Structures are given as C-alpha cells and as structure tokens.
Amino acid sequence: MTTPLFTLLQAQPNSMMPTFIMMAAIFVIFYFFMIRPQNKKQKEIQNFRNALQPGQEVTTVGGLHGTVRAINDDGTVVLEAASGVKLTFEKSAIVPQGQSQR
C-alpha cells in the first residue's frame, strides 16, 4: 500500500512538483521551529522593556545585575549595581532578571 505523498513524489521524471513540495516543507519546518519562537521571545522582551518600573531587578545583556532607579525619556535606564553605584544603560541592553539574550 502506497501513501498519496509517496505516489506524488514518484510522479513524472521531469516534474518539478516534488522539489516544490520539499522546499515548502523545509520552509514550514524552519518557520515553526526557528523563526516563530524567536519572534515570540523578542516580543516578550520588548513588552518587558516597555513595562520597566523603578525598583525592578534586571540584568543587562552583558551580565550585570542591578535595580532600576530611573527611566529617562532619551531611552536610557539608570541601574544601581551596588549601594551608591549608578550606571546608565540603553533600554535595549536590559533583559529580565536571570534571562540572557541569545
């Protein structure tokens, strides 16, 4: 007993249909296993950055842990890394506590 896909792939020798089916299948696999999860993760990180509040614990993409002290209008965030140590970072360099951006 042969499956319909198998018989379709054994169509005419000069047919391009099997090639198109395989390319479409590869694209679907890439989309669902690589592109879609990455887009979802980026959207979650962007929502996190938009909802930053003073007093929130965060990590920078470089691995520095700190507490948000101020959010400036120019797209920067002031973090307190230790008592009295304040550092300014771009908002795009902030990720949720314990999460790395890979």
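Contact here means heavy atoms within 4.5 Å. The structure is a predicted model, in which local features need pLDDT of at least 70 and side-chain atom pairs count only at pLDDT 80 or more, while totals for chains, interfaces and linings use all residues. Residues are numbered from 1 along each chain as its sequence is written, and side-chain values use heavy atoms, with hydrogens and water left out.

Leaving out residues up to four places away in sequence, Thr76 touches Ala70, Ile71, Thr88, Phe89, Glu90 and Lys91. Its relative accessible area is 9%, so Thr76 is buried (under 20% relative accessible area; exposed is over 50% and partly exposed in between, with a 1.4 Å probe and protein chains only). The side chain of Thr76 makes polar contacts with the side chains of Asn72, at 2.9 Å, and Asp74, at 2.7 Å. A polar contact is a pair of N or O atoms within 3.5 Å; within protein, one must be able to donate a hydrogen and the other to accept it, and residues adjacent in sequence count only if both atoms are side-chain atoms.

Thr76 belongs to strand 3, residues 76-82. Strands (E, at least two residues) and helices (H or I, at least four) are DSSP runs numbered from the N terminus. An open sheet is formed by 5 strands in the order 4-3-2-1-5, with antiparallel pairing; two strands pair if DSSP finds at least two bridges between them. Strand 4 (85-90) and strand 5 (94-96) are the edge strands, each pairing on one side only. From one strand to the next, the twist averages 50°. Strands 3 and 4 run antiparallel and are joined by 6 bridges, and Ala82 stands opposite Val85 in strand 4.

Helix 2 (residues 17-50) lies across strand 1 (57-60) and strand 5, at about 105° to strand 5. Axes are lines fitted to C-alpha atoms, for helices over the stretch in contact, and angles run from 0 to 180 degrees between N-to-C directions.

The largest nonpolar core has 7 residues: Phe48, Leu52, Val58, Val68, Val77, Leu79 and Ile94. Such a core is a set of buried Ala, Val, Leu, Ile, Met, Phe, Trp, Tyr and Cys residues joined through side-chain atoms within 4.5 Å. Setting aside neighbours within four places in sequence, Leu79 is in contact with residues including Val58, Val68 and Ile94.
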